[in-house]
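Please keep the sequence and the structure in view while reading.

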Amino acid sequence: RTRLNDAKCDRRGRFFAGAMDDQEELPICGLWRLDPDLSVTQVDSGIICSNGPCWSPDDKTFYFADTFQQIMWAYDYDIATGSVSNRRDFAHTREDPGFFDGSTVDAEGCVWNALVIGGDLIRYAPDGTVDRRIGMPVKNITSVAFGGPGLDEIYVTSMARVRHPAVHDHFARQIKPQFGAGSLFRIRGLGIKGVAEPRFAG
């Protein structure tokens, strides 16, 4: 009942992939690192639903969220070895109508996260406080990335309709999808730039 859910590469081309319980209930999953030599290392465990792996621009901090534990963690990151340490709480969604989904970082070191179910795109400052909140036209946004020639455009993905065997009732039952659900959205004019996303080096 587990499967991989979200993944991203660090700036040395290591591929980090986290798993999720398909019923979104039990902390039975892990976070894994695939190195360019194709060796696999378990990085963390006790996860219900992996989401939002990303790194600070200086490569010293790794961010990672468990959607249904409603926590985003920050870890100390060693870019030379790909190892993490000193996990601590960075942000949470316990008082928010949404849950952490996909993330990215911008050039100023802030973390952007798409809050699925809640429909807000949130920018967190490096200390974990909410710096900016952008309401999206659909509720189930799923991830965020910077793009465009100057990396100053934000792209936000969304899901059309929820169809999976989750045991919770966080997702609203829909007879038909919300208007615009499943669309890819672009946000321009914020004056904020992202950082380039690397590819797998293997």
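In this predicted model, Leu151 has its place in the loop between β13 and β14. The phi of Leu151 is near 50°, a positive value in a residue other than glycine, and Leu151 is partly exposed, with a relative accessible area of 24%. As background, most residues other than glycine have a negative phi.

Between β13 and β14, the latter covering residues 153-158, the antiparallel pairing runs over six bridges, and within it Ser143 stands opposite Thr157 of β14.

A second residue with a positive phi lies elsewhere in the chain. Glu24, which is not a glycine, has a positive phi of about 55°, and Glu24 is found in the loop between β2 (15-21) and β3 (29-34). What is the relative accessibility of Glu24, and does Glu24 count as buried or exposed? Glu24 has 8% relative accessibility and therefore counts as buried, since the limit for that class is under 20%.

Another open sheet has four strands in the order β5-β6-β7-β8, again with antiparallel pairing. Here β5 (50-55) and β8 (83-92) are the edge strands, each with a single partner strand, so that one side of each has no neighbour in the sheet. The twist in this sheet averages 20° from one strand to the next.

Strand β6, made of residues 61-66, is joined to strand β7, made of residues 71-78, by six bridges, and the two strands run antiparallel. In this pairing, Asp66 has Ile71 of β7 as its bridge partner, while Tyr63 has Ala74 of β7.

| Hairpin | Residues between the strands | Turn residue and phi |
|---|---|---|
| β5 and β6 | five residues | Asp59, about 65° |
| β6 and β7 | four residues | Gln70, about 60° |

Why can β6 be called largely enclosed by the rest of the structure? Six of the six residues of β6 are buried, and so the strand is largely enclosed in this way. In a regular strand the side chains alternate between the two faces of the sheet. In β6 both faces are covered, for Thr61, Tyr63 and Ala65 are buried on one side, and Phe62, Phe64 and Asp66 are buried on the other.

The cysteines can be considered next. How many disulfides does the count give? The count comes to zero disulfides. Cys29 is in no disulfide, and the nearest cysteine sulfur to Cys29, that of Cys49, is 8.1 Å away. Cys49 is likewise in no disulfide, with the sulfur of Cys29 as its nearest cysteine sulfur at 8.1 Å. The reason lies in the cut-off, because a disulfide requires a pair of cysteine sulfur atoms within 2.5 Å. Cys29 is buried, with a relative accessible area of 5%, and Cys49 is buried too, with a relative accessible area of 4%.

Which residues make the nonpolar surface patch of about 300 Å²? This patch is made by Leu4, Trp32 and Val40. Of these residues, Val40 lies in strand β4, which spans residues 40-47, and Val40 is exposed, with a relative accessible area of 56%.

Key: Residues are numbered from 1 along each chain as its sequence is written. This is a predicted model: local features need pLDDT of at least 70, side-chain atom pairs count only at pLDDT 80 or more; totals for chains, interfaces and linings use all residues. Side-chain values use heavy atoms; hydrogens and water are left out. Buried means under 20% relative accessible area, exposed over 50%, partly exposed in between (1.4 Å probe, protein chains only). Patches are made of residues with over 30% relative accessible area and no salt bridge: like charges are joined within 9 Å, nonpolar side chains (Val, Leu, Ile, Met, Phe, Trp, Tyr) within 5 Å. Accessible areas come from the Shrake-Rupley method with a 1.4 Å probe; for residues, only the protein chains shown count as cover. A salt bridge is a side-chain nitrogen of Lys or Arg within 4 Å of a carboxyl oxygen of Asp or Glu. Two strands pair if DSSP finds at least two bridges between them. Axes are lines fitted to C-alpha atoms, for helices over the stretch in contact, and angles run from 0 to 180 degrees between N-to-C directions.
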